Amino acid sequence: MIIGDQIRLRAIEKEDLPSFVKWLNDPEVRRGLELIMPLSLAEEEEWFTNMLKRSPFEHPLAIEIQPDLKKEDWIFVGNCGFIGIDWQNRLAEMGIHIGEKAYWNQGFGTKALLLLMKHGFKNLNLHRLWLRVFETNQRAIRSYEKAGFTLEGKYREAQYLEGKYVDVMIMSVLRTEWQDT
Ligand SMILES: CC(C)(COP(=O)(O)OP(=O)(O)OC[C@H]1O[C@@H](n2cnc3c(N)ncnc32)[C@H](O)[C@@H]1OP(=O)(O)O)[C@@H](O)C(=O)NCCC(=O)NCCS
C-alpha cells in the first residue's frame, strides 16, 4: 500500500474488475481515454490476466480516497500507474482515471498523481515522468498543471475524437522540478 494525504494506492484485485467495466463504459469517463468500443467483463478479465504477467512496477494501482478525514472510510474510485518504464533513461509514462464522477473536481486526481509521482521519483528512482492528454480534456490538463507537469509539445491532430481531429498534448515533469509534498 502506498499512502498519502487522503489517498492510498493498492494492488488491483479481481473483485475490482466490475467497477472498471462500469466506469470505462461511461461516455464521460472514456472521452479522455483511448477507448472506443464498449468493454465487457470478459475483456476486462483478460486485461487483468495479461496485466499480471507484466513487470510489477508497471501494474496499475487502485486509487482509494478518504473523503472525510474524521472517518476511516476509504472509497475505491479509479486507477493510475506507469506505462513503459525505461530503466536505462529512467523515464515512464503515467496514466490515471477516476471513474467515480461524484469525486471529480475535488482535488483527488491531483493528489493521486502527486502520490504516484513521489513513488516514481523516490522509490523507483525515475528521472522523467510524462503523459499524453487530449487538448479537449481541460480538467485533466488543469490537474496535471497543478501536479507540476508542463506542456512540452503536441502531436497535431493525432486523435480522432467524436467526429473531429484533436491535438494530443505531451506534458512532463523532471525530478529536478518536482516539489516533494
Ligand atoms: C482527469 C482526472 C484524473 C482529474 O481528476 P480530478 O480529481 O477531477 O482533478 P482535480 O480535482 O485534482 O483537478 C481538476 C481541475 O480542473 C478544473 N476543471 C474542471 N473542469 C474544467 C474545464 N472544463 N476547464 C478547465 N478546468 C477545469 C477543476 O476546477 C480543477 O482545478 P482547480 O482545482 O484549480 O479548481 C479525472 O477527472 C478523470 O479521471 N477523468 C476521466 C478519465 C480521464 O480523462 N483521464 C485522464 C486521461 S489523460
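Biologist: How much of the protein counts as buried, and what makes a residue buried?

Modeller: In this predicted model, buried residues make up 24% of the 181 residues.

Biologist: How far is Asp-26 from Ala-147, in sequence and in space?

Modeller: They sit 121 residues apart in sequence and 26 Å apart in space, going C-alpha to C-alpha.

Biologist: How do you know what radius of gyration to expect of a compact globule with 181 residues?

Modeller: The rule is 2.2 Å times the number of residues to the power 0.38. For 181 residues that comes out near 16 Å, and the protein has 16 Å, so the two agree. As for its span, the C-alpha trace runs about 40 × 40 × 35 Å along the principal axes.

Biologist: What is the protein built from, and in which pattern?

Modeller: It has 5 helices and 8 strands. Along the sequence they go β-β-α-α-α-β-β-β-α-β-α-β-β.

Biologist: Let's turn to α5. Which of its residues are buried, and what makes them line one face of the helix?

Modeller: Ala-140, Ser-143 and Tyr-144 are the buried ones in α5. Looking down the axis of α5, these buried residues fall within an arc of 100°, so they line one face. The background is simple: an α-helix has 3.6 residues a turn, so residues three or four places apart point the same way.

Biologist: What covers those buried residues?

Modeller: The cover includes α4, β6 (128-134) and β8 (164-174). Just after α5, by the way, Gly-148 takes a positive phi of about 110°.

Biologist: Which elements supply the shell around the ligand, and which gives the most?

Modeller: β5 (91-98), α4 (108-123) and α5 (138-146) each supply at least two residues. α5 gives the most, with 5 residues.

Biologist: Which residues come nearest to the ligand?

Modeller: Of the 21 residues around the ligand, the nearest are Gly-32, Gly-109, Thr-110, Gln-138 and Arg-142.

Methods
Residues are numbered from 1 along each chain as its sequence is written. This is a predicted model: local features need pLDDT of at least 70, side-chain atom pairs count only at pLDDT 80 or more; totals for chains, interfaces and linings use all residues. A residue is near a molecule or strand if its C-beta atom, placed from the backbone, lies within 6 Å of it. Helices (H or I, at least four residues) and strands (E, at least two) are DSSP runs, numbered from the N terminus. A residue is buried if 20 or more other C-beta atoms lie within 10 Å of its own, exposed if 12 or fewer, and partly exposed in between; C-beta atoms are placed from the backbone. The arc is that of the directions from the helix axis to the C-beta atoms. Two residues are in contact if their C-beta atoms, placed from the backbone, lie within 7 Å.
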